[in-house]
Amino acid sequence: MNQEQFVEALKEKGINLNSQQLQQFNKYFELLVEWNEKMNLTAITDQPSVYLKHFYDSISIAFYVDFSKGQSICDVGAGAGFPSIPLKICFPELHVTIVDSLNKRIQFLTHLSEQLGLSNVQFVHARAEEFGQNPIYREQYDIVTARAVARLTVLSELCIPLVKKGGLFVAMKAAAAQDELSDAQKAITILGAEKTQEYSFTLPIENSERSLFVFNKVKSTPKKYPRKPGVPNKTPL
């Protein structure tokens, strides 16, 4: 997907990028490749693939969930900033918090946001389990999302405690998503959420499958969740 195809594909979905936003995506790509030589951020580094599999794929969440109201978003384990930084470029009014357990990635994201001129972005170096128990962040966000971080049973325990009551947890998944959803039903209920929407679509050009699950936070998460670092992974709910 070249830049022109990227712009046109987004326009078809009602997202019109101006020249500043295009420059930001271009700079994002350059910095991603530059920093990737020093540290492992992504295996995908050629421009057409970055625009399709990172930028467009990240923004695809906004085809189904409204991000135009300047909501507070938390991105759990965002790695090189996906999906929240592409979303922030498209919707500058968003308030974005990214939590990641690797300090090097936080350094990259801090540098990236300065170079792109982003405001209302916060980067926190922490394990998601500890972050979710911190009263500063717990149940504070309108939307919590994660892309390709862990299976849905584990992901739910890391993300749902951060969602404010009435807010959304949006899980971005590839194939085999239905199996993950079945396994995670019990965890999602325990943690205080329920599924409200489900979308399946394919990425343009390569036609790879994507699934999006939207969960509404209907009640407060019990205080004991998330459990200690490593426990959700070892013994999922």
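## Strand pairing and burial

In this predicted model, Val144 stands opposite Phe169 in strand 5.

Strand 4 is mostly covered, as six of its seven residues are buried.

Strand 5 pairs with strand 7 (residues 209-217) as well, in the antiparallel sense and over six bridges. Phe169 has Phe215 as its bridge partner in strand 7. The pairings are set out below.

| Strands | Sense | Bridges | Example pair |
|---|---|---|---|
| strand 5 and strand 7 | antiparallel | six | Phe169 and Phe215 |

As background, the side chains in a regular strand alternate between the two faces of the sheet.

## The chain as a whole

The chain contains nine helices and seven strands. For 237 residues, a compact globule would have a radius of gyration near 18 Å, and the 17 Å of this chain agrees with that. Along its principal axes, the C-alpha trace spans about 45 × 35 × 30 Å.

Of the 237 residues, 53% count as buried. Among the contacts with a separation of 6 or more, 70% are accounted for by residues 24 or more positions apart. The chain exposes about 10,600 Å², and carbon and sulfur atoms supply 46% of that area. There are 26 positive and 25 negative side chains, with the centres of the two sets 9 Å apart.

Ser58 is placed in helix 3 (residues 47-59). Ser58 has a relative accessible area of 0% and is therefore buried, the cut-off being under 20%. Leaving aside neighbours within four places in sequence, Ser58 is in contact with Phe82, Pro83, Pro86, Leu87, Arg147 and Met172.

Two of these contact residues, Phe82 and Pro83, are joined by a cis peptide bond with omega about 5°. Pro83 sits in the loop between strand 1 and helix 4 (84-90). Another cis peptide bond runs from Tyr225 to Pro226, with omega near 0°. Pro226 is in the loop between strand 7 and helix 9 (231-234).

## Positive phi angles

Most residues other than glycine have a negative phi, and most peptide bonds are trans. Asn120 has a positive phi, near 55°. Asn120 is located in the loop between helix 5 (103-116) and strand 3 (121-125). Its relative accessibility is 43%, so Asn120 counts as partly exposed.

Asn207 also has a positive phi, near 60°, and lies in the loop between strand 6 (193-202) and strand 7. Asn207 counts as exposed because its relative accessibility is 53%, and the cut-off for exposed is over 50%.

Methods:
Residues numbered from 1 in each chain as written. Predicted model: local features only at pLDDT ≥ 70, side-chain atom pairs only at ≥ 80, totals over all residues. Heavy atoms only, no water. Pairing = 2+ DSSP bridges. Helix = DSSP H or I, 4+ residues; strand = E, 2+ residues; numbered from the N terminus. Rg over C-alpha atoms; globule rule 2.2 N^0.38 Å. Buried < 20%, exposed > 50% of the residue type's maximum accessible area, 1.4 Å probe, protein only. Contact = heavy atoms within 4.5 Å. Areas by Shrake-Rupley, 256 points an atom, 1.4 Å probe, with all protein chains shown as cover. Lys, Arg positive; Asp, Glu negative; His and termini not counted. Charge placed at Lys NZ, Arg CZ, Asp CG, Glu CD.
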